[in-house]
Amino acid sequence: MNMLDWFLWGIIPYIVLTIFIGGHIYRYQKDQFGWSSKSSEFLEKKLLRVGSLMFHFGIFMVLGGHFLGILVPVQVYNSLGVTEHQYHIIALTFGIPAGILAIIGLGILMYRRLSVKKILKTSSKGDIAVLFFLFVVIASGLSATFLNIDSHGFDYRTTIAPWFRGIFIFRVQPELMSEVPIWFKIHLIANYAFASIWPFTRMVHVFSFPARYLRRSYVIYKKQANQLN
Amino acid sequence: MKKKKSPLWQRLNYLKPKEKYADGHSQLQVGDRDWENVYRRRWQHDKVVRSTHGVNCTGSCSWNIFVKDGIVTWEGQSIDYPSTGPDMPDFEPRGCPRGASFSWYIYSPLRVKYPYVRKKLIHLWREAREHYDNPLDAWKSIVENKEKATSYKKARGKGGLVRADWKEVTELVAASVLYTTLTYGSDRNIGFSPIPAMSMVSHAAGSRFMSLIGGPMLSFYDWYADLPPASPQIWGDQTDVPESSDWYNSAYIMTWGSNVPLTRTPDAHFLAEARYKGTKVVSVSPDYAESTKFSDDWMSVRQGTDGALAMAMGHVILNEFYQKQTVPYFEKYAKTYTDFPFAVKLKNQGDRLVADRFLHAKDLGIETTNNEWKPLMFNKLTNDFALPQGTMGTRWDKEGKWNLNLIDERTNEKIEPVLGFLGIEDSCQEIEIAYFDASTRSTMKRMVPVKSVEIDGEKVYVTSVYDLMLANYGIDRGIGGQVAESYDEIEAFTPAWQEAITGVDRNLVIKIAKEFGQNAIDTNGKSMIIVGAGINHWFHSDAIYRAVVNLVIMVGAQGVNGGGWAHYVGQEKLRPAEGWNTIATAKDWQGPPKLQNGTSFFYFATDQWRYEETSMSELTAKTVDKARYEHAADYNVLAARLGWLPSYPTFDKNGIDVFNEAKASGYEKAEDVAKYVAKELVDRKLSFSIEDPDNPVNFPRTLFVWRANLISSSGKGHEYFLKHLLGTSHGLLNDDEDSLRPSEIKWREQAPEGKLDLLVDLDFRMAGTGLYSDVILPAATWYEKHDLSSTDMHPFVHPFNPAVASPWESKSDWDIFKALAKGISDLATTLELEPFKEVVTSPLLHDTAQEIAQPLGEIRDWSKGECEAIPGKTMPNVHVVERDYKLVHKKFTSLGPNIGKNPYGGKGISWSMEKEYEDAKHAIGTVEEKGISKGLPNIEKAKDACEAILRLSSTTNGKLAVKAWKALEKQTSLSLKDLAEEREEELFTFEQVNAQPKTVITSPAFSGSEKGGRRYSPFTTNIEKMIPFRTITGRQSYFLDHEMMKEFGEEMATYKPMLHHTPFKKDRPPVEGKEITLNYLTPHNKWSIHSMYYDAQPMLTLFRGGPTIWLNKDDAAEAGIEDNDWIECFNRNGVVVARAVVSHRIPRTIAFMHHAQDRHIQVPGTNLTKNRGGTHNSPTKIHMKPTHMIGGYAQLSYGFNYYGPTGNQRDLHVVIRKLEEVDWLED
């Protein structure tokens, strides 16, 4: 293990996390008005309908896969009797279509953003950067998946996953990352970059999913502003 | 204050228990509500100021201007208009999206922020100033040096404007003015600013300045072809129309060439509301206009043939309601308020009998004052001719008998007039009446019943106007003549006859005419016709209008609420008339002002007269052999000579020199100088400038333009302006090699180019005129100054107020002209310029005793030895005026003593203002500075000028209104003052009109009454109070007996076809691809002038964002043009390039280019001129109509913006073709 590994897998994650969390807090405090998904639906509908739905469905499935593969410890699968081979087959069967769905959706969104004049004229740098970084993240993730079809014995559930979980319980284990194939590393580094710009872009909308709306009463009364405490 | 919780903390309220009610159906939401403040702040502001827009929009809507952090952020409609009364819709909502977009201009890139001067000129000036101490010498060294002068004149319109400071510019302008005055005459400094009502103080500022320096002001109403000459012809009134709320009182409305929802947007709701009430609406329009959507019936008339349609309707109305039956209401109206019963002499012309003129008291040897101005009618009671009161003669004989009571002014016997002589005739005679259509000029042989009268021992036939009119309209009265027996016969002017001309179904014409008349019977005259530019911009607009207006007079609708004509073309009604007039013409200090009719001025100044091809003999009546002159310009020379029209520049000599020469010859008193001038003219030692307009001594030299876009929007004959007046690159495809040659004007082979030395433009936006000007002065916008606005459409006077101070270096028009006045006074002081006297002429004016200068409608030209040259009688008045340029500024900024000393008023009524003038001193404050103005009311500030205008006008000062009515009572022996008495104590102040719109007070300055909250309709005081119309008979005129009217066959309404015009006579550019020739019309634009300017971004986004021309889909297909193609539209006058809008809404044969599409927006080049493709005015050229020049004859006498040739531009054709290659000329 060299200094680079320490730096990449021991130090940078915390810098990125700080930016990510701190950035969100800062943004929420200072830029209530900009906290938005910045919908451009009223400027263009047709491409958006296809691209956005494909992308979001794909990305939700991808996220689900990541949850099952990274956050759920391998021991859980072992105890349930799921072999590595079985897990791998399931992961690929769902993961690859989901990834392809997401990347095609993203492709449509990118095409839309750059080719529709009205959209391009109203785009901020952040809007374009988000798409670019997402593309790098998904493309690298997808390529990692493809290149890992024949896994040659590599199991991220025993390397990347414990390393990742370790970060959050402050048990940094950069050594777990030393043998990870390069395409997974690229995917992770792309994620560092993406997470670092995330709080300063429209991506904040991820945390504003109106979940409470589902449990809300039909009629809402508001307290007068001066009675708030 | 409690510390604000952070948004994130507030968000973390998941753990708090929620208060729920109604079984969880509702809940209390606790949380941050700060976000709501964003929306609250959006509509928060620091102050609201009442102002309006001065864009010649008849709306004159009151607006609230919202200011936030020192910036004008938005504007909103005012909603505090006084109610129109019970059972009436109110004026609100008032204000359209165009008005709401104005604040864009204040901070727009088009804003003129600093004074600018053309670089070539300022360099020459700075260089010259180094060489010469005296600025006049410096100016002379530039303008009298051909090379230098040409160098900066050629640069006009080509950019190269540089910032200059106010001081330097003021000196330059002052030098130009002074040099011009001393070298060529003060009448070579010209001022042009239109539509005073749209911001009357700003207009008055420049007008006062011009009047004090002796510079002529140009009229605009006639120049814009918005003046309907038919109005003075019929009523002796410039234009008086109902306010829009009176539409609601109507039961039958025809919109005729007026697109109400488009051009009168804030008023259109009254039309909609009237429809809800049950009013029938008929649209007369060639295209499927927005107004057509309001209508129950649509008469899709071929463009320019409205006269034929109206004549046919008149034929039906006269036949149905006069010939076939007697309608008591119509009959009484006709006898009391129209010239129908007046007697007309017939005369022999060769072997034919034609109508001659009114039978006057003099003809029957009746000795009475002005007996050549007292027409007679036949009294059934005495079985003899009677001399009714109220005629033009009684107006000026000071006997107090000027009223419409049917009483013989000589015998005091009651008159029961006969309408026509049929039944009491001595015989029936065949007369010839001129007839015109597109292919022929002929005569109609018609029969009239006559009485035989002996005049000077000769037997003369006399008939009545009624009989003549029935003959003219071709009504079959059973006495023979060339008349139709049924509506289906093709004979002038039957419905069948018009069908071939107008394309309107004869049955529809019959139906509408009958309905229109029957409605008037059922409602006592509530039949209305809303007319407008659609039928008014033609060469023969007056003929069309007379045919149309006759309809409302025939059915007794004029002077009735909800009835009559309603002519709307611009913001014409200046309510506080006398006060404004006093300040604008500086008559509080001196007079007379030089008020030049604009059309004549521009016709000669831009040398459009050199390209004349329409021979007048093609237009005259078949009843005369030929025209007096072939060239229209010769008529204008005649009009100038005979004192009919003003003519500035006046003489081929400086007026100062003329005076000095008179003095040298021993004449100093004004009357003596006048006689001297007359003699010099007769001896041809002195000539009129108009007789040699291309002589450099006669050129206009300095032109001030403010509140206008002359070189683009209103400069008809745009390319002639560029070539001859400005001397810069132009796109004229015409030459004057074989044009008509005038006989009264000196023809110079080489036409001058660049007559003007200095063009000064005051504006807040860089528009066409600015781009061609030498000096541009940054003016304040409508949210940055004090001013007043009024309109025809509502009875209020609205204020302008500064919402913000004038930003950058801009100033209000009042302050700019004050600064220029100071510049001139300072320069005159430096140069120790002594006061000088000059000879000034003025025409024979309407509403003065001079309107009875030239009797019997006969033309007597002193220059041909036909009469003696008598100033003020057979020729213009000649005055001597003293000017002291050192005092211009002091006079400008104070109200002069003449107000208190001289008779004060208007429209031929006057009273004393001694007390009011003294009051003004105390109310407004006086000048303390030493000098001529010390102790006089101080109007240095525009707001004080507003105050003075309100105080000095009879519509806004109740005491004056009562005084004015009392003065009119003296002339008429009628009881009138009750019209204003209930409001005698009211005095409008600026603060009052700021607080809430206020209805003006009824005054004789206008003809309608607002008494008791009544809605304004014109001529109601004439009808109800028996006040005469200011015409020769004192009644509404069907018959005009001036010699020139007869020459052109227009004694009575008739149909006159469009002028024959082809795009090219010769030297036509080679045909390229498919082309089509169309009639070129320039109607009002929805997203442009008359509501907002075209170059505003909000306006440009509403349509195609650049110049467009509308054409029919089949015409377009014929020329291979598709929608949105770039097209070239050209004729010999010039080229304009625009995008095609292809629409089935436009009928075939027409191209619409909505006017005032500015040239600086999106105009590519054209190969035809190798230049950028013109303005909407490029293919236009004006045509002068001689009958508009008549003067010195009752209602046909000159008044500024009252009578004069119109700058009509519709009778034109253009070639349209696709622009194959679009070159933006950007390399």
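Student: Before we start, what kind of model is it?
Tutor: This is a predicted model, so keep that in mind throughout.

Student: OK, chain A. How many helices and strands?
Tutor: Chain A has eight helices and one strand. Going along the sequence, the order is α-α-α-α-α-α-α-α-β.

Student: And what box do the C-alpha atoms of chain A fill?
Tutor: Roughly 60 × 45 × 40 Å, taken along the principal axes.

Student: What share of chain A is buried?
Tutor: Of its 229 residues, 19% are buried. As for contacts with a separation of 6 or more, 83% are between residues 24 or more positions apart.

Student: Which residues does UniProt list as "binding site" in chain A?
Tutor: The unreviewed entry lists A:His66 and A:His187 under that heading.

Student: What is A:His187 in contact with, leaving aside neighbours within four places in sequence?
Tutor: Its contacts are A:Val137, A:Ser140, A:Gly141 and A:Ala144.

Student: Switching topic. How many residues from each chain go into the A-B contact?
Tutor: There are 14 residues from chain A and 14 residues from chain B. On the chain A side, the elements giving two or more residues are α1 (3-30) and β1 (219-222). The largest share, four residues, comes from β1(A).

Student: How does that side of chain A divide by residue class?
Tutor: Into nine nonpolar, three polar and two charged residues.

Student: And what does β1(A) pair with over there?
Tutor: Four bridges join β1(A) to strand β2 of chain B, residues 26-29, and the two run parallel. One of the details: A:Tyr221 has B:Leu28 as its bridge partner in β2(B).

Student: On to chain B. Which residues does the "4Fe-4S Mo/W bis-MGD-type" annotation cover?
Tutor: That UniProt domain annotation, from an unreviewed entry, covers residues 46-110 of chain B. Over that stretch the chain is 6% helix and 28% strand, and the end C-alpha atoms are 26 Å apart.

Student: What about the domain assignment of chain B?
Tutor: It gives domain 1 (116-226 + 579-607 + 693-835), domain 2 (340-491), domain 3 (889-1009) and domain 4 (1075-1182 + 1197-1218). The centres of domain 2 and domain 3 of chain B are 43 Å apart, taken over C-alpha atoms. Their contact takes four residues from domain 2 and five residues from domain 3.

Student: Last one: why is helix α20 of chain B called largely enclosed?
Tutor: Nine of the nine residues in α20(B), residues 577-585, are buried, so the rest of the structure largely encloses the helix. Among them are B:Trp580 and B:Ile583. The buried residues of α20(B) pack against α8 (200-213), α30 (898-901), β30 (904-906) and α32 (942-951) of chain B.

Student: What follows that helix?
Tutor: B:Ala586 comes after α20(B), and its phi is positive, near 55 degrees.

How values were computed
Residues are numbered from 1 along each chain as its sequence is written. Chains are lettered from A and ligands numbered from 1 in the order in which they are written. This is a predicted model: local features need pLDDT of at least 70, side-chain atom pairs count only at pLDDT 80 or more; totals for chains, interfaces and linings use all residues. Two residues are in contact if their C-beta atoms, placed from the backbone, lie within 7 Å. Ala, Val, Leu, Ile, Met, Phe, Trp, Tyr, Cys and Pro count as nonpolar, Asp, Glu, Lys and Arg as charged, and the others, Gly among them, as polar. Two strands pair if DSSP finds at least two bridges between them. UniProt positions are given in the numbering used here, feature names are shortened, and annotations may be inferred rather than shown by experiment. Domain bounds come from an automatic or database domain assignment. A residue is buried if 20 or more other C-beta atoms lie within 10 Å of its own, exposed if 12 or fewer, and partly exposed in between; C-beta atoms are placed from the backbone.
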